[in-house]
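Please examine the sequence together with the fold before reading on. The explanation below is meant to be followed with both in view.

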Amino acid sequence: MSERTILFLPGDGIGPEIMAEVRRLIEHLNRRGLGLLVVEDVVGGAAIDRHGVPLHPDTLEKARRIGTVMLGAVGGPKWDSLPFERKPERGLLALRKELGLYANLRPAFTFPALVEASTLKREVVEGLDLVIVRELTGGVYFGEPRGIEEIGPGEKRAVDTQLYTSSEIRRIARVAFELARTRRRRVTSAEKANVMYTGVLWRQVVQEVHEREFPDVALEHMYADALAMQLVREPRRFDVIVTDNLFGDLLSDEAAMLTGSLGMLPSASLGDADQNGRRRALYEPVHGSAPDIAGRNLANPLACILSFAMLLRLSFGLEEEARRVERAVARVLDAGYRTADIHSPGTQSVSTREMGEKVVEALD
Ligand code: IPM
Ligand code: MG
């Protein structure tokens with residue numbers, strides 16, 4: 001298997017459409033000798049339709065072996081009535097958990113050309129550049145016990161468990177501090193230490209890691225609700241935000257909207273390095289499967305393309321190629337091409353495919 005093999009999991013809804021545009025980009029890069037190899041498989045609803053489960057063991061095995069995964073999106077109304085454990089989303093969660101992808105990086109930055117697309121004022125979002133580091137394999141997403149039980153006639157009880165160990169907090173804190181060292185050296189850690197024990201431990205451990213290992217980075221602690229407020233009030237004050245699985249899920253959707261559209265935000269989920277020094281990683285846009293516009297050539301492929309740029313950089317060390325892709329996206333936006341989600345008066349509407357083509361053209 002080539003050093004530069006990628007497991008492609010397009011998934012559901014708009015997933016296949018946006019991933020096709022990444023394919024287009026890969027074919028173009030390969031014509032110039034990049035040597036990327038794509039292996040394709042199914043996950044989520046597509047896997048339920050084919051195998052009856054959202055993540056087939058063979059797909060998981062492939063993901064383990066190949067180590068670098070590019071995912072579109074999972075889920076949709078077609079599978080909504082399935083029991084919880086068999087829903088498409090479980091396939092994605094199992095991938096994250098089984099591959100040990102505990103560090104989810106979600107950068108949010110405004111492209112100058114898109115400042116007008118944000119629902120916030122120009123002076124609030126212009127020049128925004130932050131990264132949310134979300135813990136991805138712990139917390140209430142996975143804590144036991146969980147479930148719904150009958151506790152009497154017509155009465156049920158539902159339980160989810162928010163659970164964190166100090167090692168889980170320590171390793172995600174290190175990722176955040178190390179990332180901050182490559183940026184503006186500021187970390188904001190978010191929890192609810194005022195009401196949750198996990199928040200108390202989170203704050204304590206992040207503080208310890210800071211004092212022992214990263215005194216050169218500025219650290220502030222903030223309650224997650226206050227941070228949600230500050231994110232729309234003064235988002236440019238943030239550099240790196242580190243938080244748990246659930247708060248990270250919420251805050252990253254919020255951060256995405258600052259940049260104009262959920263259709264713009266890429267993400268990388270990373271595990272620890274293996275024997276060969278390679279980190280297992282999964283790249284996916286932050287937006288979901290958008291079933292309402294699926295199959296209509298309307299979706300914005302840019303978050304997926306920007307996730308692919310992160311892949312080039314973080315998994316294959318192709319920094320220059322990654323930058324070229326990012327610059328191409330900026331150029332296409334500067335030239336005024338917009339999918340429906342980022343359309344504003346005076347710009348030119350393009351389809352998913354046209355947007356992908358424009359990015360390829362802008363590469364050279
Ligand atoms: C995300 C998504 C997922 C999550 C869903 C699809 C399981 O919202 O990646 O942000 O909640 O983590
Ligand atoms: Mg989410």
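The following paragraphs treat the domains, the nonpolar cores, the ligand surroundings and some local features in turn.

The model is a predicted one. Its chain is divided into domain 1, which comprises 1-128 + 259-364, and domain 2, which spans 137-241. Their C-alpha centres are 25 Å apart. Contact between the two domains involves 18 residues of domain 1 and 11 residues of domain 2.

The interior may be considered next. In soluble globular proteins, nonpolar side chains tend to be buried together. The largest nonpolar core here contains 68 residues, and the members that touch the most others are Met 70, Val 133, Phe 177, Phe 308, Leu 312 and Leu 333. Helix H10, residues 302-314, is the element that gives the most to this core, with nine residues. Because domain 1 (1-128 + 259-364) and domain 2 (137-241) both give residues to the core, it lies between them. A second, separate core has 22 residues, among them Val 124, Ile 132, Ala 255 and Leu 258.

Val 74 is located in the loop between strand E3 (68-73) and helix H4 (88-98). With a relative accessible area of 11%, Val 74 falls under the 20% limit and is therefore buried. Residues up to four places away in sequence not being counted, Val 74 touches Asp 12, Val 43, Gly 44, Pro 88, Glu 89, Leu 92 and Ser 289. The C-alpha atoms of Val 74 and Gly 45 are 6.6 Å apart in space, although these residues are 29 apart in sequence.

Which residues are found around ligand 1? They are Glu 89, Arg 96, Arg 106, Arg 134, Tyr 141 and Asp 249. Glu 89 is also one of the residues touched by Val 74. An N or O atom in the side chain of Arg 134 is 2.8 Å from an oxygen atom of ligand 1, and for the side chain of Asp 249 the corresponding distance is 2.8 Å. Taken on its own, ligand 1 has 320 Å² of accessible area, of which the protein covers 78%.

Ser 261 lies in the loop between helix H9 (245-258) and strand E11 (268-273). Its relative accessible area is 6%, under the 20% limit, so Ser 261 is buried. The side chain of Ser 261 makes a polar contact of 2.7 Å with that of Asp 341. Beyond its neighbours within four places in sequence, Ser 261 is in contact with Ala 256, Asp 341 and Ile 342.

Finally, some backbone features deserve attention. Glu 144 and Pro 145 are joined by a cis peptide bond, with omega at about 0°, and Pro 145 belongs to strand E6, residues 143-152. Arg 185 is not a glycine, yet has a positive phi of about 60°. Arg 185 is placed in the loop between helix H6 (166-181) and strand E8 (186-191), and is partly exposed at a relative accessible area of 35%. Asn 297, likewise not a glycine, has a positive phi of about 60°, and occupies the loop between strand E12 (279-283) and H10.

Methods: Residues are numbered from 1 along each chain as its sequence is written. Chains are lettered from A and ligands numbered from 1 in the order in which they are written. This is a predicted model: local features need pLDDT of at least 70, side-chain atom pairs count only at pLDDT 80 or more; totals for chains, interfaces and linings use all residues. Side-chain values use heavy atoms; hydrogens and water are left out. A nonpolar core is a set of buried Ala, Val, Leu, Ile, Met, Phe, Trp, Tyr and Cys residues joined through side-chain atoms within 4.5 Å. Buried means under 20% relative accessible area, exposed over 50%, partly exposed in between (1.4 Å probe, protein chains only). Helices (H or I, at least four residues) and strands (E, at least two) are DSSP runs, numbered from the N terminus. Domain bounds come from an automatic or database domain assignment. A residue is near a molecule or strand if one of its heavy atoms lies within 4 Å of it. A polar contact is a pair of N or O atoms within 3.5 Å; within protein, one must be able to donate a hydrogen and the other to accept it, and residues adjacent in sequence count only if both atoms are side-chain atoms. Accessible areas come from the Shrake-Rupley method with a 1.4 Å probe; for residues, only the protein chains shown count as cover. Contact means heavy atoms within 4.5 Å.
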